[in-house]
Amino acid sequence: MEVEQGAVQSSGSLLSSPGWRWPQVRALLFNAFLYLIIVAGGIVFLIPFVWMVSTSLKTLPEIQRIPQPLLPEVIRWDNYYVAWTSLPFTRWFFNTAFITVVNIFGTLLSCSLAAYGFAYTRFRGRNFLFVILLSSMMLPYHVRLIPTFLIFNHLGWINTFLPLTVPAFFGTAFYIFLLRQFFLTLPKELDDAARIDGCNSLNIYWRIVMPLSKPALAAVTAFTFIDSWNDFLGPLIYLRQDSRLTLSLGLRMFLDFQEGTGDLHLMMAASVATLIPILIVFFFAQKHFVEGVTFTGLKG
(Lines give C-alpha, C1' and ligand atoms only; values in the text may rest on other atoms or scores of the structure.)
Protein backbone atom coordinates (compact mmCIF):
# COMPACT_ATOMS: atom_id res chain seq x y z
CA MET A 1 0.00 0.00 0.00
CA GLU A 2 2.80 2.40 0.81
CA VAL A 3 4.43 1.65 -2.55
CA GLU A 4 1.14 2.29 -4.43
CA GLN A 5 0.52 5.52 -2.57
CA GLY A 6 4.04 6.64 -3.33
CA ALA A 7 3.54 5.90 -7.03
CA VAL A 8 0.28 7.85 -7.12
CA GLN A 9 1.87 10.79 -5.33
CA SER A 10 4.86 10.75 -7.68
CA SER A 11 2.63 10.69 -10.78
CA GLY A 12 0.46 13.45 -9.38
CA SER A 13 3.48 15.56 -8.61
CA LEU A 14 4.76 14.89 -12.17
CA LEU A 15 1.55 16.19 -13.75
CA SER A 16 1.41 19.12 -11.36
CA SER A 17 5.02 20.08 -12.03
CA PRO A 18 5.69 23.11 -14.25
CA GLY A 19 6.95 20.84 -17.05
CA TRP A 20 3.59 19.01 -17.36
CA ARG A 21 0.91 21.66 -17.29
CA TRP A 22 -2.52 20.78 -18.58
CA PRO A 23 -2.38 22.97 -21.77
CA GLN A 24 0.78 21.16 -22.83
CA VAL A 25 -0.74 17.76 -22.14
CA ARG A 26 -3.86 18.76 -24.08
CA ALA A 27 -1.76 19.95 -27.03
CA LEU A 28 0.21 16.68 -26.95
CA LEU A 29 -2.97 14.61 -26.97
CA PHE A 30 -4.44 16.71 -29.78
CA ASN A 31 -1.31 16.27 -31.92
CA ALA A 32 -1.33 12.53 -31.24
CA PHE A 33 -4.98 12.38 -32.33
CA LEU A 34 -4.19 14.29 -35.52
CA TYR A 35 -1.29 11.99 -36.35
CA LEU A 36 -3.53 8.99 -35.74
CA ILE A 37 -6.12 10.33 -38.19
CA ILE A 38 -3.42 11.08 -40.79
CA VAL A 39 -1.93 7.59 -40.47
CA ALA A 40 -5.37 5.98 -40.71
CA GLY A 41 -6.25 8.05 -43.78
CA GLY A 42 -2.89 7.22 -45.37
CA ILE A 43 -3.50 3.51 -44.86
CA VAL A 44 -6.95 3.78 -46.41
CA PHE A 45 -5.58 5.53 -49.50
CA LEU A 46 -2.63 3.14 -49.69
CA ILE A 47 -4.72 -0.05 -49.74
CA PRO A 48 -5.76 0.20 -53.45
CA PHE A 49 -2.16 0.85 -54.51
CA VAL A 50 -0.88 -2.10 -52.47
CA TRP A 51 -3.58 -4.31 -53.97
CA MET A 52 -2.65 -3.17 -57.49
CA VAL A 53 1.06 -3.88 -56.97
CA SER A 54 0.32 -7.22 -55.31
CA THR A 55 -2.03 -8.27 -58.12
CA SER A 56 0.56 -7.34 -60.74
CA LEU A 57 2.95 -9.90 -59.23
CA LYS A 58 0.48 -12.81 -58.99
CA THR A 59 -0.36 -15.65 -61.31
CA LEU A 60 -3.73 -16.13 -62.96
CA PRO A 61 -4.80 -19.02 -60.65
CA GLU A 62 -4.06 -16.85 -57.61
CA ILE A 63 -6.27 -14.09 -58.95
CA GLN A 64 -9.12 -16.50 -59.66
CA ARG A 65 -8.94 -17.98 -56.18
CA ILE A 66 -11.67 -16.98 -53.71
CA PRO A 67 -10.75 -15.49 -51.34
CA GLN A 68 -7.82 -13.98 -53.17
CA PRO A 69 -4.54 -13.94 -51.19
CA LEU A 70 -3.22 -10.54 -50.25
CA LEU A 71 0.39 -11.29 -51.16
CA PRO A 72 1.60 -13.42 -54.09
CA GLU A 73 2.88 -16.87 -53.24
CA VAL A 74 5.50 -16.65 -55.99
CA ILE A 75 6.53 -13.20 -57.25
CA ARG A 76 6.14 -13.08 -61.04
CA TRP A 77 8.26 -10.19 -62.30
CA ASP A 78 7.79 -11.46 -65.85
CA ASN A 79 4.21 -10.12 -65.76
CA TYR A 80 5.64 -6.64 -66.41
CA TYR A 81 7.62 -7.84 -69.43
CA VAL A 82 4.65 -9.70 -70.90
CA ALA A 83 2.30 -6.76 -70.39
CA TRP A 84 4.79 -4.19 -71.73
CA THR A 85 5.67 -6.14 -74.87
CA SER A 86 2.13 -7.27 -75.75
CA LEU A 87 1.44 -3.81 -77.23
CA PRO A 88 3.80 -0.99 -78.33
CA PHE A 89 4.04 0.55 -74.86
CA THR A 90 7.61 1.68 -75.49
CA ARG A 91 6.51 3.87 -78.39
CA TRP A 92 3.60 5.20 -76.36
CA PHE A 93 5.97 5.91 -73.47
CA PHE A 94 8.19 8.10 -75.64
CA ASN A 95 5.13 9.86 -77.09
CA THR A 96 3.90 10.66 -73.60
CA ALA A 97 7.34 11.74 -72.45
CA PHE A 98 7.75 14.07 -75.43
CA ILE A 99 4.37 15.72 -74.87
CA THR A 100 5.04 16.05 -71.13
CA VAL A 101 8.49 17.62 -71.54
CA VAL A 102 7.28 20.13 -74.14
CA ASN A 103 4.29 21.05 -71.96
CA ILE A 104 6.52 21.57 -68.92
CA PHE A 105 8.87 23.83 -70.86
CA GLY A 106 6.04 25.82 -72.45
CA THR A 107 4.12 26.17 -69.20
CA LEU A 108 7.13 27.35 -67.19
CA LEU A 109 8.13 29.86 -69.86
CA SER A 110 4.74 31.39 -70.60
CA CYS A 111 3.30 31.31 -67.09
CA SER A 112 6.40 32.71 -65.42
CA LEU A 113 6.60 35.60 -67.90
CA ALA A 114 2.91 36.44 -67.47
CA ALA A 115 3.13 36.13 -63.68
CA TYR A 116 6.20 38.38 -63.61
CA GLY A 117 4.32 40.99 -65.63
CA PHE A 118 1.34 40.94 -63.27
CA ALA A 119 3.55 41.04 -60.18
CA TYR A 120 6.25 43.58 -61.10
CA THR A 121 5.03 45.64 -64.05
CA ARG A 122 2.66 48.55 -63.43
CA PHE A 123 0.38 49.39 -66.34
CA ARG A 124 -3.15 50.64 -66.80
CA GLY A 125 -5.77 47.92 -66.48
CA ARG A 126 -3.46 45.42 -64.84
CA ASN A 127 -5.91 44.40 -62.12
CA PHE A 128 -8.77 44.23 -64.62
CA LEU A 129 -6.79 41.92 -66.90
CA PHE A 130 -5.85 39.76 -63.93
CA VAL A 131 -9.51 39.42 -62.98
CA ILE A 132 -10.32 38.42 -66.57
CA LEU A 133 -7.54 35.85 -66.36
CA LEU A 134 -8.92 34.39 -63.15
CA SER A 135 -12.45 34.34 -64.56
CA SER A 136 -11.22 32.08 -67.37
CA MET A 137 -10.62 29.40 -64.74
CA MET A 138 -14.38 29.14 -64.30
CA LEU A 139 -14.82 27.85 -67.86
CA PRO A 140 -14.53 24.05 -67.87
CA TYR A 141 -12.35 22.40 -70.48
CA HIS A 142 -15.37 20.64 -71.97
CA VAL A 143 -17.06 23.97 -72.73
CA ARG A 144 -14.09 25.05 -74.88
CA LEU A 145 -13.60 21.63 -76.44
CA ILE A 146 -15.73 22.02 -79.58
CA PRO A 147 -14.52 25.51 -80.68
CA THR A 148 -10.94 24.52 -79.90
CA PHE A 149 -11.31 21.35 -81.95
CA LEU A 150 -12.70 23.32 -84.88
CA ILE A 151 -9.74 25.71 -84.75
CA PHE A 152 -7.18 22.91 -84.67
CA ASN A 153 -9.03 21.04 -87.41
CA HIS A 154 -8.96 24.16 -89.60
CA LEU A 155 -5.21 24.45 -89.00
CA GLY A 156 -4.70 20.81 -89.97
CA TRP A 157 -3.31 19.82 -86.58
CA ILE A 158 -5.52 16.76 -86.04
CA ASN A 159 -3.54 13.54 -85.54
CA THR A 160 -0.46 15.51 -84.49
CA PHE A 161 1.05 16.47 -81.15
CA LEU A 162 0.53 20.19 -81.80
CA PRO A 163 -2.93 20.48 -80.16
CA LEU A 164 -1.48 18.82 -77.06
CA THR A 165 1.66 20.98 -76.80
CA VAL A 166 1.16 24.41 -78.44
CA PRO A 167 -1.49 25.65 -75.92
CA ALA A 168 1.09 25.29 -73.14
CA PHE A 169 3.08 28.18 -74.65
CA PHE A 170 0.11 30.54 -74.17
CA GLY A 171 -0.12 30.17 -70.41
CA THR A 172 -2.49 28.58 -67.93
CA ALA A 173 -4.54 30.77 -65.62
CA PHE A 174 -4.04 28.66 -62.51
CA TYR A 175 -0.25 28.46 -62.87
CA ILE A 176 0.00 32.17 -63.63
CA PHE A 177 -1.94 32.89 -60.46
CA LEU A 178 0.25 30.46 -58.50
CA LEU A 179 3.51 32.02 -59.68
CA ARG A 180 2.24 35.59 -59.27
CA GLN A 181 1.39 34.90 -55.65
CA PHE A 182 4.89 33.58 -55.08
CA PHE A 183 6.55 36.50 -56.88
CA LEU A 184 4.71 38.91 -54.60
CA THR A 185 6.41 37.33 -51.57
CA LEU A 186 9.88 38.21 -52.90
CA PRO A 187 11.46 41.39 -51.46
CA LYS A 188 10.82 44.45 -53.60
CA GLU A 189 14.25 45.79 -52.61
CA LEU A 190 15.87 43.25 -54.93
CA ASP A 191 14.00 44.67 -57.91
CA ASP A 192 14.85 48.26 -56.95
CA ALA A 193 18.52 47.45 -56.41
CA ALA A 194 18.75 45.63 -59.73
CA ARG A 195 17.21 48.56 -61.60
CA ILE A 196 19.65 50.95 -59.94
CA ASP A 197 22.48 48.72 -61.19
CA GLY A 198 21.12 49.02 -64.73
CA CYS A 199 19.22 45.75 -65.15
CA ASN A 200 16.17 45.76 -67.36
CA SER A 201 13.00 43.79 -66.70
CA LEU A 202 14.15 40.73 -68.64
CA ASN A 203 17.44 40.52 -66.73
CA ILE A 204 15.63 40.89 -63.41
CA TYR A 205 13.23 38.14 -64.43
CA TRP A 206 15.97 35.72 -65.50
CA ARG A 207 18.77 36.47 -63.02
CA ILE A 208 16.90 37.38 -59.83
CA VAL A 209 13.26 36.26 -59.84
CA MET A 210 13.66 32.84 -61.46
CA PRO A 211 16.54 31.59 -59.24
CA LEU A 212 14.57 32.61 -56.13
CA SER A 213 11.38 30.91 -57.36
CA LYS A 214 12.59 27.31 -57.50
CA PRO A 215 9.95 26.01 -55.03
CA ALA A 216 7.08 27.54 -57.01
CA LEU A 217 8.56 26.39 -60.32
CA ALA A 218 8.93 22.88 -58.91
CA ALA A 219 5.27 22.90 -57.88
CA VAL A 220 4.19 24.02 -61.36
CA THR A 221 6.45 21.38 -62.91
CA ALA A 222 4.93 18.64 -60.77
CA PHE A 223 1.37 19.75 -61.55
CA THR A 224 2.08 19.98 -65.27
CA PHE A 225 3.84 16.62 -65.33
CA ILE A 226 0.91 14.86 -63.66
CA ASP A 227 -1.67 16.56 -65.88
CA SER A 228 0.20 15.82 -69.11
CA TRP A 229 1.19 12.28 -68.18
CA ASN A 230 -2.35 11.28 -67.17
CA ASP A 231 -4.18 13.25 -69.86
CA PHE A 232 -6.76 11.03 -71.53
CA LEU A 233 -9.35 13.30 -73.12
CA GLY A 234 -6.91 15.40 -75.16
CA PRO A 235 -5.15 12.49 -76.89
CA LEU A 236 -8.51 10.77 -77.34
CA ILE A 237 -9.87 13.76 -79.27
CA TYR A 238 -6.86 14.71 -81.40
CA LEU A 239 -4.88 11.50 -82.02
CA ARG A 240 -5.88 8.88 -84.58
CA GLN A 241 -2.98 6.56 -85.43
CA ASP A 242 -1.95 3.83 -83.01
CA SER A 243 1.70 4.86 -83.30
CA ARG A 244 0.89 8.33 -81.94
CA LEU A 245 -1.09 7.25 -78.89
CA THR A 246 -0.08 8.01 -75.33
CA LEU A 247 0.10 5.71 -72.32
CA SER A 248 -3.36 6.64 -71.07
CA LEU A 249 -4.93 5.62 -74.37
CA GLY A 250 -2.62 2.63 -74.53
CA LEU A 251 -3.91 1.37 -71.20
CA ARG A 252 -7.45 1.63 -72.49
CA MET A 253 -6.51 -0.27 -75.63
CA PHE A 254 -4.75 -2.87 -73.48
CA LEU A 255 -7.93 -3.26 -71.45
CA ASP A 256 -9.91 -3.91 -74.62
CA PHE A 257 -7.17 -6.27 -75.81
CA GLN A 258 -7.36 -8.27 -72.56
CA GLU A 259 -11.17 -8.23 -72.32
CA GLY A 260 -12.54 -11.72 -71.92
CA THR A 261 -9.19 -13.29 -71.04
CA GLY A 262 -9.30 -12.44 -67.32
CA ASP A 263 -5.62 -11.46 -67.29
CA LEU A 264 -6.11 -8.90 -64.54
CA HIS A 265 -2.52 -9.34 -63.35
CA LEU A 266 -1.19 -8.12 -66.70
CA MET A 267 -3.48 -5.10 -66.63
CA MET A 268 -2.26 -4.21 -63.14
CA ALA A 269 1.35 -4.69 -64.22
CA ALA A 270 0.88 -2.26 -67.12
CA SER A 271 -0.83 0.23 -64.80
CA VAL A 272 1.98 0.08 -62.24
CA ALA A 273 4.61 0.52 -64.97
CA THR A 274 2.94 3.69 -66.24
CA LEU A 275 2.58 4.99 -62.68
CA ILE A 276 6.28 4.64 -61.78
CA PRO A 277 7.44 7.94 -63.42
CA ILE A 278 4.82 9.91 -61.48
CA LEU A 279 5.95 8.35 -58.19
CA ILE A 280 9.60 9.10 -58.97
CA VAL A 281 8.90 12.74 -59.82
CA PHE A 282 6.75 13.23 -56.73
CA PHE A 283 9.26 11.72 -54.29
CA PHE A 284 12.18 13.70 -55.71
CA ALA A 285 10.25 16.99 -55.91
CA GLN A 286 8.16 16.53 -52.77
CA LYS A 287 10.05 19.09 -50.68
CA HIS A 288 9.98 21.83 -53.33
CA PHE A 289 6.41 20.92 -54.24
CA VAL A 290 5.13 21.47 -50.69
CA GLU A 291 7.20 24.65 -50.26
CA GLY A 292 5.91 26.11 -53.51
CA VAL A 293 2.27 25.48 -52.68
CA THR A 294 2.74 26.82 -49.13
CA PHE A 295 4.58 30.04 -50.04
CA THR A 296 2.12 30.99 -52.76
CA GLY A 297 -0.58 31.51 -50.14
CA LEU A 298 1.38 33.89 -47.92
CA LYS A 299 0.53 37.07 -49.79
CA GLY A 300 -2.38 37.98 -52.01
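Author: The second largest pocket is lined by A119, Y120, R122, R126, K188, D191, D192 and R195. A pocket here is found on a 1 Å grid over the protein atoms alone, as an open set of points where a 1.4 Å probe fits, with protein on both sides within 12 Å along at least five of seven lines; a lining residue has an atom within 4 Å of a point. The model is predicted, so local features need pLDDT of at least 70 and side-chain atom pairs count only at pLDDT 80 or more, while totals for chains, interfaces and linings use all residues. Residues are numbered from 1 along each chain as its sequence is written, and side-chain values use heavy atoms, with hydrogens and water left out.

The space in this second largest pocket comes to about 160 Å³, a volume being the space filled by probe spheres set on grid points that are joined across faces, edges and corners. By class, its lining has 6 charged residues, 2 nonpolar and no polar ones. In this division Asp, Glu, Lys and Arg count as charged, Ala, Val, Leu, Ile, Met, Phe, Trp, Tyr, Cys and Pro as nonpolar, and the others, Gly among them, as polar.

Two helices, α5 and α10, each provide at least two of the lining residues, and α10 gives the most, with 4 residues. Helices are DSSP runs of H or I with at least four residues, numbered from the N terminus.

One of the lining residues, D191, belongs to helix α10, which covers residues 188-196. D191 has a relative accessible area of 10% and is therefore buried (under 20%; exposed is over 50% and partly exposed in between, with a 1.4 Å probe and protein chains only). Leaving aside residues up to four places away in sequence, D191 touches Y116, Y120 and I204, where contact means heavy atoms within 4.5 Å.

Y120, itself part of the lining, also takes part in an arrangement with K188: the charged end of K188 sits over the ring of Y120, 4.4 Å from its centre. A charge counts as sitting over a ring if NZ of Lys or CZ of Arg is within 6 Å of the ring centre and within 35 degrees of the ring normal. Elsewhere, the charged end of R180 sits over the ring of F130, 4.1 Å from its centre.
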